[in-house]
Amino acid sequence: MESATVAMGGHAHEEHHGPPEAHQSSRIDRQTLGIFLFIVSEIMLFGAFFASYFFLRVVVDPPTWPPEPFELPVAIAGVNTAILVSSSFTIHYALESIRRNNRTGLKLGLVLTWLLGATFLFIQINEYVNIGFSARDLGFGSIFYGLTGLHGAHVFIGLLLLSFATIRAFRGHFGPEEKDHLGVEVPGIYWHFVDVMWIIVYTAVYIL
Amino acid sequence: MVAAIKQPGWIRGALGALLAAAFGVGLVVILRDISGLPIWQTEQTGYPHVVVPLITAPLGFLAGFGCFDYWLRWAAGMPTIPEDHSQHGAKSWKDYFRFNTDHKVIGIQYVVTTFCFFFIGGLMAMMIRAELAQPGAQIVEASTFNGLFSTHAVLMIFVFVIPVFAGLANYVLPLMIGAPDMAFPRLNALSFWMLPLAGLMFIGSFLAPGGAFDAGWTGYAPLSTGAPLGQSFFNLGVQFAGASSIATALNFLVTIITMRAPGMTFWRMPLLVWANLSTSLLVVAATPFIAGAQFMVLFDRVLGTQFFQFAGGGDVISYQHIFWFYSHPAVYIMMLPGFGIISEVISTHARKPIFGYRLMALALIGIVVLSYTVWAHHMFVAGMSSWLRVPMMFTTLLIAVPTGIKIFSWLGTLYFGKIHTYSTAMLFALAFIVTFTIGGISGVMLGMVPIDIHVSDTYFIVAHIHFVLFGGSVFTIFAGVYHWFPKMTGRMYDEKLGRVHFWGTLLGTWGTFIPMHWVGMDGMPRRVSDYAVQFGDWNLLISCFAFILGACQLVFLYNMIVSWRFGPRAGGNPWRANSIEWQVSSPPPIFNFDEIPRVVGGPYEYGVPGAKHAIMSGEGAEVSQPQPTTVGSS
């Protein structure tokens with residue numbers, strides 16, 4: 001009994017009805033590890049669409065890419081890329097602020113990130129409306145909408161997670177302790193993933 | 001009534017499903033109206049009026065059922081109690097029909113639900129065999145037959161074999177590693193409740209106009225992109241089953257990595273834990289590929305995209321590449337947890353340490369890595385680039401090496417062991433080794449390009465897959481269910497009936513699937529409801545054995561139900577096993593442990609004098625009296 005008590009941190013003498021506290025057998029906490037594994041799974045989902053992209057472009061090998069009448073707005077999408085990439089810095093600023101217990105900085109960072117993300121999504125929808133081809137137009141159109149749409153869905157999910165963090169920040173949650181701002185850090189990791197993934201999608205779809 | 005609507009549960013769930021379905025239909029109507037399309041055009045457009053509600057209604061049900069309540073409160077910044085255990089544990093049978101966060105309740109929910117689908121899928125198999133008993137059409141039409149074998153396979157794969165392993169592991173894995181619960185209990189409950197929805201979607205496809213999906217469980221494009229509405233039920237059901245298994249796998253990984261008891265190093269983990277670790281790696285990294293493939297098929301069907309349409313610049317073969325990049329690892333998702341179960345059962349009942357424990361664990365990891373490199377061996381005759389054939393043949397044959405290591409390690413464990421066969425679990429484990437080896441060897445045959453080309457799309461394939469999936473996976477599932485039945489229910493099953501079930505199943509499996517090798521070699525095509533008269537005698541024999549096999553499963557069903565209710569009380573450790581789940585009462589206490597146990601040695605030190613795996617609470621080193629193992633209260 002005594003030896004087990006030491007391992008437990010001395011809780012054994014109290015009458016407790018809840019579960020015993022789990023032993024933490026790794027330095028990484030559950031939420032962070034969870035989001036990293038989720039991101040692995042997300043990367044593979046993008047992988048499925050990139051595989052399709054490879055087949056439609058390299059294996060089918062149409063004479064021109066993009067096919068003749070179609071054009072991609074590389075410059076506008078480039079500006080959009082810059083917007084999304086800058087949001088990675090604002091979310092990082094939010095996280096660093098709460099680490100130093102700067103609540104104003106946290107709120108500012110989160111709101112800015114949210115606005116930048118929403119702007120990205122807005123510009124992308126605008127691009128869809130004006131681009132002049134649809135997902136039905138050849139394999140090219142399908143995979144263009146497939147990849148950018150999949151990414152857009154991820155931005156949307158990311159914005160949803162950021163909204164949660166923002167609401168909580170304005171309601172006075174989060175603190176400088178490592179375990180008290182996981183609600184900012186974990187959506188932040190996801191947001192960085194969404195950013196990096198966009199750079200890959202942009203490079204593959206628009207530039208190459 | 002108002003209270004019943006506010007309370008998470010079935011009423012609110014049904015209401016949520018209805019509202020969400022209405023929302024889905026409304027969304028389609030409004031979007032079509034805005035785009036200036038005819039609002040009720042259905043068949044030419046792939047039935048968006050059905051497909052969209054099929055996505056929203058399950059989500060509405062889950063929300064109404066209470067799966068998201070805690071998260072939404074958290075997200076809105078409302079007060080939440082992280083240590084609220086009101087949804088934990090089961091006091092009566094009704095608690096099994098609620099959103100419950102206890103891994104033990106979820107484990108039983110999983111196993112019972114998946115066995116329901118097993119029996120439905122089994123009934124379909126019986127109908128298939130009845131139709132095939134004689135040449136010509138007798139019982140079902142050709143198109144219904146196609147729907148039957150497709151649904152049979154999909155039920156067995158996606159809502160039986162894959163999740164039943166998740167269920168068994170859900171129950172025993174946290175106990176084995178000395179954790180009070182899974183890492184994310186609410187996510188765990190959500191992953192369970194997605195599963196019956198997926199199963200119902202597969203079965204519900206029989207009600208769709210045009211019948212159930214009938215493009216096989218593989219759903220190859222362009223067969224699937226041009227199929228009637230039922231195919232969309234398959235596309236979406238796979239998404240729910242897939243999301244469920246990804247979430248569970250993620251949960252297992254985080255649990256195993258962050259929640260092991262003190263002293264439980266990676267090299268002290270039971271092999272079942274290793275097996276689930278490697279399976280979960282496969283699920284997390286491979287399942288998204290089938291999600292992607294089915295999304296693309298769905299888009300081709302409903303949105304008119306050209307992913308797999310040759311005329312529109314699409315690539316037909318790319319479906320098979322993307323699909324098999326998931327689905328070959330998936331066969332190991334269906335096998336590795338079974339390897340873990342067999343290791344537990346064999347070591348316990350042979351009373352010997354596992355032979356080559358570390359190599360067993362490394363072999364699992366080897367299979368994980370190699371399984372990503374073999375996908376195109378399913379496509380030797382598909383018209384893919386021919387240079388890919390030989391490399392895929394090599395990797396396919398290579399993967400037999402780690403699998404062979406496991407077989408020989410089990411044999412090494414049995415060698416000079418004190419083999420006890422008083423448990424049906426051990427009988428199934430021993431039969432598994434033989435049957436799976438045969439199935440594995442026919443797999444090596446199929447890995448060779450010339451043989452594969454000869455027997456492609458014949459009953460040889462059917463024989464192989466059933467030898468590895470029924471004689472392999474399902475045998476391990478039975479072994480696992482018998483092995484942990486006393487732990488889960490606190491009661492013993494009837495050993496005599498277990499034996500009847502075992503011998504009947506063994507005879508039925510061999511009698512059914514061995515002759516399929518011959519008729520396959522002779523060229524009888526699979527997935528066709530009629531066949532040449534010359535195969536008539538063999539098929540009658542096969543069908544007879546199949547009915548024996550089916551009937552024996554009823555013995556199992558009876559045994560499980562009656563023993564659960566009336567069986568004699570089981571002690572905490574009826575098999576005298578070492579791993580931690582056997583050191584607590586049967587069934588375990590609501591929070592598993594009073595204190596987290598300390599692990600001091602390997603899990604399989606049978607017959608090693610003085611060896612100990614774990615020190616449980618109240619059992620310190622200075623206490624000389626051993627804890628009584630029979631704590632039979634439920």
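This model holds five cavities of 30 Å³ or more. A cavity is a set of points, on a 1 Å grid over the protein atoms alone, where a 1.4 Å probe fits but cannot get out. The model is predicted: local features need pLDDT of at least 70, side-chain atom pairs count only at pLDDT 80 or more, and totals for chains, interfaces and linings use all residues. Residues are numbered from 1 along each chain as its sequence is written, chains are lettered from A and ligands numbered from 1 in the order in which they are written, and side-chain values use heavy atoms, with hydrogens and water left out.

**Cavities**

- Rolling a probe the size of a water molecule over the atoms shows where empty space is left.
- The largest cavity has about 120 Å³ of space. A volume is the space filled by probe spheres set on the grid points, which are joined across faces, edges and corners.
- Its lining has 13 residues, and Ile162(B), Ala166(B), Phe252(B), Thr279(B) and Val283(B) lie nearest the centre of the largest cavity. Lining residues have an atom within 4 Å of a point.
- Three helices of chain B, α6 (142–176), α8 (230–258) and α9 (271–303), each supply at least two residues of the lining of the largest cavity. Helices (H or I, at least four residues) and strands (E, at least two) are DSSP runs, numbered from the N terminus.
- By class, the lining of the largest cavity has eight nonpolar, five polar and no charged residues. Ala, Val, Leu, Ile, Met, Phe, Trp, Tyr, Cys and Pro count as nonpolar; Asp, Glu, Lys and Arg count as charged; the others, Gly among them, count as polar.
- The second largest cavity has about 70 Å³ of space.
- Residues that line the second largest cavity include Phe158(B), Ile162(B), Gly242(B), Val283(B) and Tyr326(B).
- In chain B, α6, α8, α9 and α10 (316–333) each supply at least two residues of the lining of the second largest cavity. α8(B) gives the most, with four residues.
- The lining of the second largest cavity divides into eight nonpolar, three polar and no charged residues.

**Salt bridges**

- Side chains of opposite charge can pair when their charged atoms come close.
- The count over all chains is eight salt bridges. A salt bridge is a side-chain nitrogen of Lys or Arg within 4 Å of a carboxyl oxygen of Asp or Glu.
- Glu96(A) pairs with Arg99(A), with the closest N and O atoms 3.0 Å apart. Because Glu96(A) and Arg99(A) are three residues apart in helix α3 of chain A, about one helical turn separates them.
- Glu96(A) is partly exposed at 22% relative accessibility, and Arg99(A) is partly exposed at 30%. Buried means under 20% relative accessible area, exposed over 50%, and partly exposed in between (1.4 Å probe, protein chains only).
- Asp69(B) forms a salt bridge with Arg12(B), with the closest N and O atoms 2.8 Å apart. Asp69(B) lies in helix α4 (residues 69–75) of chain B and Arg12(B) in helix α2 (residues 10–34) of chain B, so the pair ties together parts 57 residues apart in sequence.
- Asp69(B) is partly exposed at 24%, whereas Arg12(B) is buried at 16%.
- Arg98(B) and Asp95(B) meet in a salt bridge of 3.1 Å, N to O. Arg98(B) is partly exposed at 34% relative accessibility, and Asp95(B) is buried at 12%.
- Salt bridges that share partners join Glu96(A), Arg99(A), Arg100(A) and Glu185(A) into one network.

**Backbone features**

- Trp65(A) and Pro66(A) are joined by a cis peptide bond, with omega near 0°. Pro66(A) sits in the loop between α2 (30–59) and α3 (74–99) of chain A.
- Ser586(B) and Pro587(B) are also joined by a cis peptide bond, with omega about -15°. Pro587(B) sits in the loop between α19 (536–566) and β1 (598–599) of chain B.
- Leu138(A) is not a glycine, yet its phi is positive, about 60°. Leu138(A) lies in helix α5 (residues 138–170) of chain A and is partly exposed at 36% relative accessibility.
- Phe416(B) is not a glycine either, and its phi is positive, about 60°. Phe416(B) is in the loop between α14 (400–414) and α15 (424–447) of chain B and is exposed, at 72%.

**Confidence**

- Chain A averages a pLDDT of 87, and 92% of its residues score at least 70. pLDDT is the predictor's confidence in each residue, from 0 to 100.
- Over residues 1–16 of chain A, pLDDT stays under 50, and the model has 23 contacts there beyond four places in sequence. Contact means heavy atoms within 4.5 Å.

Key. 1 Å grid on protein atoms, 1.4 Å probe; cavity = no way out; pocket = protein on both sides within 12 Å on 5 of 7 lines; lining within 4 Å.
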